Amino acid sequence: MDGINNVIELDNVTKDYGDFKLDGITFSVPEGSVCGFIGQNGAGKTTTIKLILDMIGKDSGEIRVFGESVCKNNAGIRENIGVVFDEMGFHEFMTGRDISIMMKNIYKNWDEKAFFDYLKRFSLPSRKKCGAFSRGMRMKLQIAVALSHNAKLLIMDEPTSGLDPVVRNEMINIFREFVVEEDHTILLSSHITGDLEKLADEVVFIDGGRIILAGNKDELLEKHGILKCKKDDFGKISRSLIISEDYNEYGVQALVNDRYSANQLYPETIIEPAPLEDIMIGYVNAGKG
Amino acid sequence: MKGLVIKDIMCLKKQLTTFAFVIAGVVIVSVMYVLSTRFGNLAKVGVALLDENNNMSEIDVKNLGSMALVLFMFLPIVSVGDMINVFMADGKAGFVKVSASFPVPLKNRLLARFITIFSLLGIGALADILLAGMLCMLTDIMSFGEFFGVIISVSSLMCIYSALVILFCIMLGYGKEQYAQCFSLLSMVAAFIIVRFKDLKSVFIRIFIEEHGFDSDTFWQPLDFFKEKGYVFFFIAVFVMILSYMISLNIAERKRGVI
């Protein structure tokens, strides 16, 4: 990773709520990449994003964004960050015009023309109250805001959840356009692994407040595999290769962490590529013991 | 920060319309009241009160008249109290999450809230000062200085109330705005009782235990205090506002997500 600048760096970050704890979160997001932040509901994705944005205080550890430490006196960092939440957050009486008036007095680099161009492109009426917008329109409005102040980093928390496939695809295309610029980076949290499989360069899996896997998406997909065999044959498979297994009436399906080694060692078994969803489920099940 | 003040004002669009009507209503009613006290039925009532054998002095009648006028003039300033709705609106929309992602430090986000509410109080006070200027040309019930003293006193009390509401809103979190309003009022009443406990006790003993009855001096004392000692309320208000801002900031920095 030498020579690559990390836009986001979390080093051993801890946040304890008593009934839930983010424990020693460490990962980084390289500049120019799309990082998919994957985990089931309640895994700690939103809490991690809130920590990155300094919306909540960490108990320990270090968080750096654009190389600068995130702390209460460093709100200026957020000038270069566009944020999209799972819910809109703007007052329902506000119109696109109202939002633009507010934003141009908040962001130094607010580009009014770009904002209205995005509204037009997303077919969002600028004079209609956003309370009357559908969920898809609300998400598009948030994206228009996030993209209209020349942000270099987009942080999005479940932006595609609850949207129909057509709108989701449209949004993925917008994100792809954003990362065409080399210095543009995206951190996208989702439990819809299909979207991340299309878009992400890096993935970070979180479960129960711990990072269970992080790395380049293609390498992870390349390495992991689904091994299928009979129950009798499964006992011969080395445990070091198996992350989790699932018994069914036809045999055993197991997630393996090195499918090429497994293929060479056990040529009689079937080993298929594992999609991100299966990798996530496999690691979550392994964690449950 | 300016953007957040603009957003707060947008939130208060409905209340601002009401506010404009309140000011217009108060101007009309006050002028009618003053004209009536000079030339109309209220003037006749004043004369009748002096004629009847009911222990009322000319000062009592004058104070009675000014008391009613002062109550009218409270309205533009007191109506600002309702503008605390901006907290509810933010909570309902989930705007806190959005504002926390803005490049605006927490202290400025909090300051924006204070600026909005106190600017509106300032507008209410300014409207009252203009009204006072107009009224003191029409009546001799109160001089401009006395009007000004009352306006400063009432505005300062509303500043104290608003500063406490902001503090309690941040302390209790969203959805508890009504509690914040109750606690603010109770705190102000409690502070008044503690500070003036001796006086209140002696008034209580004189009226209810020694059964001396209610003398007009005791009754008009607060009105005179409002007219003449507005600066006392003003300095208390400045102190409470600074204290409220500092404590609110401290809480908001520890709790986050409340402003």
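Which residues in H7(B) meet which residues in H8(B)? That is the question I opened the notebook with today, and I kept in mind that this is a predicted model.

**Entry 1: two helices of chain B**

I listed the H7(B) side of the contact and found B:Arg113, B:Phe114, B:Ile117, B:Phe118, B:Leu121, B:Ala125, B:Asp128, B:Ile129, B:Ala132, B:Gly133, B:Leu135 and B:Cys136. They meet B:Phe144, B:Phe147, B:Phe148, B:Ile151, B:Ser155, B:Met158, B:Cys159, B:Ser162 and B:Ile166 in H8(B). Sorting this contact by class gave me 16 nonpolar, three polar and two charged residues.

Next I looked at the geometry. Two packed helices are described by the angle between their axes and the distance between the axes. I noted that helix H7 covers residues 106–138 of chain B and helix H8 covers residues 144–172 of chain B, with axes that come within 10 Å and cross at roughly 165°. An angle over 145 degrees counts as roughly antiparallel, so that is how H7(B) and H8(B) run relative to each other. I also wrote down that H7(B) passes H8(B) in a right-handed crossing.

**Entry 2: chain A on its own**

I then turned to chain A, where I found 10 helices and 14 strands. Its C-alpha atoms fill a box of roughly 70 × 40 × 40 Å along the principal axes. Why does a radius of gyration of 21 Å agree with a compact globule? Because a compact globule of 289 residues would have a value near 19 Å, I could set the 21 Å of chain A beside it.

I checked burial too: 42% of the 289 residues of chain A count as buried. Among contacts in chain A between residues at least 6 apart in sequence, I saw that 69% join residues at least 24 apart.

**Entry 3: where the chains touch**

How many residues of chain A are in contact with chain B? I found 25, and they contact 22 residues of chain B. Helix H2 (residues 96–104) of chain A gives the most to chain A's side, with four residues. By class, that side divides into 13 nonpolar, six polar and six charged residues.

Conventions
Residues numbered from 1 in each chain as written. Chains lettered and ligands numbered in written order. Predicted model: local features only at pLDDT ≥ 70, side-chain atom pairs only at ≥ 80, totals over all residues. Contact = placed C-beta atoms within 7 Å. Nonpolar A, V, L, I, M, F, W, Y, C, P; charged D, E, K, R; others polar. Rg over C-alpha atoms; globule rule 2.2 N^0.38 Å. Buried ≥ 20, exposed ≤ 12 C-beta atoms within 10 Å, placed from the backbone. Axes fitted to C-alpha atoms, helices over the stretch in contact; angles between N-to-C directions. Parallel < 35°, antiparallel > 145°, perpendicular 65-115°, else oblique. Left-handed = near helix turned anticlockwise from the far one by under 90°.
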